[in-house]
Amino acid sequence: MQIEYYIVDVFTNDKFGGNPAAVCLLEEAISTKLQQKIASEINLSETAFLIKRSDAGAVYDLRWFTPKVEVELCGHATLASGYVLYEQAGVNADAIRFNTLSGVLSVAKAQERFWLTLPKRKPSPTGCYKSFASAFGTDNFQTLKANDFFLVFDSPEEVAALEPDFEKLKLVKEEAGLEDDVFGIIVTARGGGFGCDFVSRFFAPNAGINEDPVTGRAHSSLVPYWSDVLHKKDLTAKQLSERRGDIACVNNDDDTVSLGAELQIFSKGYILL
């Protein structure tokens, strides 16, 4: 068996910026165990596996894996999947739809960007945890939570300067009494001198990703939060990882947000099994 795959840099017009995702085009189903092994071997923050639905048009089943676990939502790998189908596989459709663990997601191409629609995950205030203060070396932030923890800092400079102790950051799971691994910790602040509405970073040590370069799923929480704070529906965002990334954001009137991205293909090849 051989599997065609691509590596795509997402949320960037720089081939070495943004967040790289692997996209594997399956002609037939393979086991969850094998998908996890492939994702571990590729060793990017996410590897996407696509298989076309035979009973529909531009509709695909989509799963995402980190090097350690399957995840229930990944934005950048979904955008990468849409990009590969449009630009490499020759799919011609107004929108491509993906059946996922988070429901049906769609990717469309418009205005020189690829647009992903995600469900809103608005954060709410939650308790303060010593693990965060210990890991970040400060307790000067507000703590909220949606699917991921959501920490709001006073300035973008604080967010940019954070150097977490990732072993301490893992301990929030036990301290918060959570049965499952918390997938991620979003840290954020107003954009200030960074020329955007808000900035963020994303840490997920319990999922085998200390810091994710640019995180689509985080913006399902970031967009509704900052839209309310700034009283704006259309926002611009930067993720302040080493690779950096730029995200166009829209807080839609329904229960969704839309994220616009530029993408760059880095490589393509075959996995030989």
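User: Which residues of helix 7 are buried?
Analyst: Helices here are DSSP runs of H or I with at least four residues, strands are runs of E with at least two, and both are numbered from the N terminus. Buried means under 20% relative accessible area, exposed means over 50%, and partly exposed lies in between (1.4 Å probe, protein chains only). By that rule, the buried residues of helix 7 are H219, S220, S221, L222, V223, P224, Y225, W226, S227 and L230.

User: How many of the residues in helix 7 are buried?
Analyst: A word on the source: this is a predicted model, where local features need pLDDT of at least 70, side-chain atom pairs count only at pLDDT 80 or more, and totals for chains, interfaces and linings use all residues. Residues are numbered from 1 along each chain as its sequence is written, and side-chain values use heavy atoms, with hydrogens and water left out. Helix 7 covers residues 219-230 and is mostly covered, the buried count being 10 of its 12 residues.

User: Is H231 buried or exposed?
Analyst: H231 sits in the loop between helix 7 and strand 15 (234-239). Its relative accessibility is 72%, so H231 counts as exposed.

User: Where is R244, which has a positive phi although it is not a glycine?
Analyst: The phi of R244 is about 60°. At 40% relative accessibility, R244 is partly exposed. Its place is the loop between strand 15 and strand 16 (245-251).

User: How many helices and strands does the chain have?
Analyst: The secondary structure is counted over the chain. The total comes to seven helices and 18 strands.

User: Why is the chain as compact as a globular protein of that length?
Analyst: The radius of gyration is taken over C-alpha atoms, and the globule rule is 2.2 Å times the number of residues to the power 0.38. For 273 residues that rule gives 19 Å, so the chain is as compact as a globular protein of that length because its own radius of gyration is close to that figure, at 18 Å.

User: What share of the contacts in the chain between residues at least 6 apart join residues at least 24 apart?
Analyst: Contact means heavy atoms within 4.5 Å. Of the contacts between residues at least 6 apart in sequence, those that join residues at least 24 apart make up 63%.

User: What percentage of the residues in the chain is buried?
Analyst: Along its principal axes, the C-alpha trace spans about 50 × 40 × 30 Å. Of the 273 residues in the chain, the buried part is 55%.

User: Which residue's backbone nitrogen does the side chain of T12 reach?
Analyst: T12 lies in the loop between strand 1 (2-10) and strand 2 (19-26), and with a relative accessible area of 8% it is buried. Leaving aside neighbours within four places in sequence, its contacts are G17, G18, E262, L263 and Q264. The backbone nitrogen reached by its side chain, at 2.9 Å, belongs to D14.

User: Which side chain is joined to that of D61 by a polar contact?
Analyst: D61 lies in strand 4 (residues 59-65) and is partly exposed, at 27% relative accessible area. Not counting residues up to four places away in sequence, D61 touches F49, L50, I51, R53 and N99. A polar contact is a pair of N or O atoms within 3.5 Å; within protein, one must be able to donate a hydrogen and the other to accept it, and residues adjacent in sequence count only if both atoms are side-chain atoms. At 3.4 Å, the partner side chain of D61 is that of R53.

User: How many Å apart in space are L44 and D9, C-alpha to C-alpha?
Analyst: L44 is in the loop between helix 1 and strand 3 (47-52), and it is buried at 18% relative accessible area. Beyond four places in sequence, it touches I7, P20, A21, A22, A39 and P67. L44 and D9 are 35 residues apart in sequence, and their C-alpha separation is 11 Å.
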